[in-house]
Amino acid sequence: MLSVSSRRSVALAKQLQPLAKATQARVFQQHQRSFFGLGDFFKTLVKSEEPKKALEEPKLQKKQQQPSKPKAKEVNVEPEYVPRKQVPVEYSVGKYATLADGSVMARWGDSMLLTTVVSEVSTNADKQDFLPLMVDYREKYSATGTIPGGVKRREMAGTDAEVLKSRIIDRIVRPLFPKGYCNESQIIATVQSYDIDHDPVVLAVNSASAALTVSDIPWNGPIGCVRVCNVDGHLVCNPTADEKARATLDVLYAATETRTVMIEAEGCEISEAAMQEALRFAHEHVQPIIAGQKALPAKPKRAFTPLVVPDDLLSAGKALLPELQARLSSLSAPATKPQRQALENDCYYFVKQQLFKTHADLLLQKKALLDVLSHDLVQEALRANLLAGKRVDGRTADQVRPLAVETGLLPIVHGSAVFSRGDTQALCTVTLGHIDQGLKVRSAINDGDDYELKNAMLHYEFPPYCVNETGKVGGVNRRMLGHGALAEKAVVPLLPSVVDFPFTVRMTSETMGSDGSSSMASVCGVSMALLDAGVPLKSPVAGISIGLVTPGDIYDGKSPISEYKLLTDILGSEDHYGDMDFKIAGSKDGITAIQLDVKLPGVPLDILCEGIGLAKTARMGILDTMNSVLAEARPMNPTKVSSTTIVHIDPAMRGALIGTGGSNIREIEAATNCTISCKDSDGVVEIFGKGDDNIALAKAMIAESTFMYRRGQRVEVVVQQIMDFGCVVVPKFAYGTDGAADKSKQAFIHISEMSHAPVRKVSDVLMTGQSIEAWCIFAEKDSAKLSLKALVHPVTGAALSDAEAMQLTKEREEERRKQRASSGLAPTGPRATANPTRRPRRSTH
């Protein structure tokens, strides 16, 4: 029998109608005209072709007897993968925003982005020793042909996604500014046309590099940026939106001709070898982008005057290096952060004290000289010790600080954990909520009702007490957003899917102590909190940070690096005085997230690949410690975590459940502390709450709100009124309430349906207020008839199950139909519903 939908059945029947005139009469005599009879109808058409087949069978047999040529074996050959040709970026220089120091309108595909760079001419080198650089990335709604959904229909302050993209540009261009350049600078990248197949973030980085290159601002670029994804087992450079959605690895990579400047990667447990291959693939593809920027017309770079330390003062400072190195290596492991801070302060005081003895007049005139020189001397001494294998806390280069893990410390929270690595400590929590409580992410691409719903999010907090300082509490800065996004990338790939685990998962990490790699501590702590909450992680996740120290000028980005030292689990001071912070997170099976920040003008890729190997060794040790505390998810605690229960109602009663303006469903939610959802019109109601008692109460209240008598259903009722020929009953929950007066809640039991034996008086069998079980034998709007004897065997008197009661009711109805047919009271036949002798009514119109 063909399996087709109702609409398609009708269409097929109409198409086959001219071919089946000879067989229609016979078929429709045997079957009623319904969609269920179409299968047999189609079978008859097949049978009508049997004589024709009988004539053709001898011909087919003769053909089969003839020898046939052997067929060649079919071999499935996969088509060879051909990389897509890269679309070059087009730069328009000197045409738009001509008053800015540097401006570029870049086009890549249909994505267009205006990037401007401006740097103040005056300098504050005498007062500050850092570069005040601001980077703002914005996506115009007009770039996608969309009107903003806000009240004022304007683009508001930058979204979290825009802030994270601004940070990416900042981290790439900042290391390439020359030493001593402290002029206030700003980069603004505005998306004017948004093509989802040509990533505006990649274009923003490349256009920022191009704008700095063609401007007169001192900058040691250019750089190139690409996005590399692993799609269907192949590395794809700058994938389309569809390819990116299918990718198992996503790497945003920026580099100069010889060195890597920034990496932002996420993946589904990618092996170290596969990650290294992707990085080398990406470095190869940035070279044409760099060559294209070098060909752009550029202004001569402006001259600037950095803060220069006089030679005699510098020589006096260099003489202090041996003593500084000895002091900085005086601590033995384990050394705490307060001890090391006291030691560093002592070194600064020592330097200033010695220099004031010989150059007091000069240092009083230029106080910035003293701060810059003392910082550089402490940095140089500490770096020399690190290159010699002497870390300030006494550890070896590949040694991880002492670990401590605690779970389940917060009694009310769904899942909690504290992860400590040395003095870095993170308090992490997990809260499970309803699937509709996900974060609605709106942007120029997804606005209004077409928003992205995030059902897993991680929020990172960095309160001032974690570094023993005072400060303003409240609000989220760019650093918090960046660290939270990195930890989220590391954990989310190992969470179960929404289908398998229908919850919204909110993860938080409050840094209680910061001494380097607080984001990686957040990854470890959140992983443990998820297991404590009962979330079935595919595998626990851990993270570690790898540092780097090199000799020579840290602003030299061209000379080869032959001597270096990689440091596992860097301290805050090693991050500050060192050359890079290479964060790598993953499980025992592979990498899930990477973030590279450098202070050098780039790091050779070979050194980074070596760091990936060191990170794996450290990560495995951390995972062993975590597994010794809690290796798998705990059972969910129903008193803490809300669960989802599905009940079914009659779709016609959906309005009764909701009530006028949602009044009834809000009343149920308030009484049960549950969330009730009945969005669909198919009768499915979702109850989300915690506690068996609350869920049971919600189910009962839903049943009461949607109650209606249905034929062939067992109901529990209470006798409300006794009459001479029967009684009126109402559902048990309605008895004694105002709902008992509702006609839809009332039903009637005739005296003949109370027992198989004759009943003289109703009061002999029932009494007012008596609770009974009855069987519904008739139900229409505001009218229902029940039976007591339908639930009792007519011979043995035994109680019947629902199935047995249904069967007994069918037998009784069949017996009554036969009795009526034999007495001539009712005609026989499938259409015996009307009197065929009755004359049709005449129209009055």
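This is a short talk on the fold of one protein chain, taken from a predicted model.

Before I start, residues are numbered from 1 along each chain as its sequence is written, and side-chain values use heavy atoms, with hydrogens and water left out. Because the model is predicted, local features are given at a pLDDT of at least 70 and side-chain atom pairs at 80 or more, whereas totals for chains, interfaces and linings use all residues.

Let me begin with confidence, where pLDDT is the predictor's confidence in each residue, from 0 to 100. The chain averages 85, and 87% of the residues score at least 70. Over residues 1–60 the pLDDT is below 50, and beyond near neighbours in sequence that stretch has 25 contacts in the model, a contact being heavy atoms within 4.5 Å. Residues 829–840 also have a pLDDT below 50, with 2 contacts beyond near neighbours in sequence.

Now the chain as a whole. Its secondary structure comes to 20 helices and 28 strands, which are DSSP runs numbered from the N terminus, helices being H or I of at least four residues and strands being E of at least two. Of the 845 residues, 44% count as buried; buried means under 20% relative accessible area, exposed means over 50%, and partly exposed lies in between, with a 1.4 Å probe and protein chains only. Among contacts with a separation of 6 or more, 70% are between residues 24 or more positions apart.

Next, the interior. In soluble globular proteins, nonpolar side chains tend to be buried together. A nonpolar core here is a set of buried Ala, Val, Leu, Ile, Met, Phe, Trp, Tyr and Cys residues joined through side-chain atoms within 4.5 Å. The largest such core has 121 residues, of which Y253, I263, M507, L530, M580 and F582 touch the most other members. At least three residues come from each of domain 1 (90–295) and domain 3 (403–629), with bounds from an automatic or database domain assignment. A second, separate core of 28 residues includes L324, L343, L370 and L387. Returning to I263, and leaving aside residues up to four places away in sequence, its contacts include Y253, L279, F582 and L608.

Which side chain makes a polar contact with the side chain of S545? That partner is D581, at 2.2 Å, where a polar contact is a pair of N or O atoms within 3.5 Å; within protein, one must be able to donate a hydrogen and the other to accept it, and residues adjacent in sequence count only if both atoms are side-chain atoms. S545 is found in strand β17, residues 542–549, and counts as buried because its relative accessibility is 0%.

In the loop between β17 and β18 (565–568) we find I561, which counts as partly exposed because its relative accessibility is 22%. Its C-alpha atom is separated by 8.7 Å from that of V603, 42 residues apart along the chain.

Finally, some backbone details. Most residues other than glycine have a negative phi, and most peptide bonds are trans. The peptide bond from G221 to P222 is cis, with omega near 5 degrees, and P222 lies in the loop between α6 (200–214) and β6 (224–231). E269, which is not a glycine, has a positive phi of about 50 degrees; this residue is found in strand β9 and is buried, at 13% relative accessibility. N673 has a phi near 60 degrees, but is exposed, at 61% relative accessibility.
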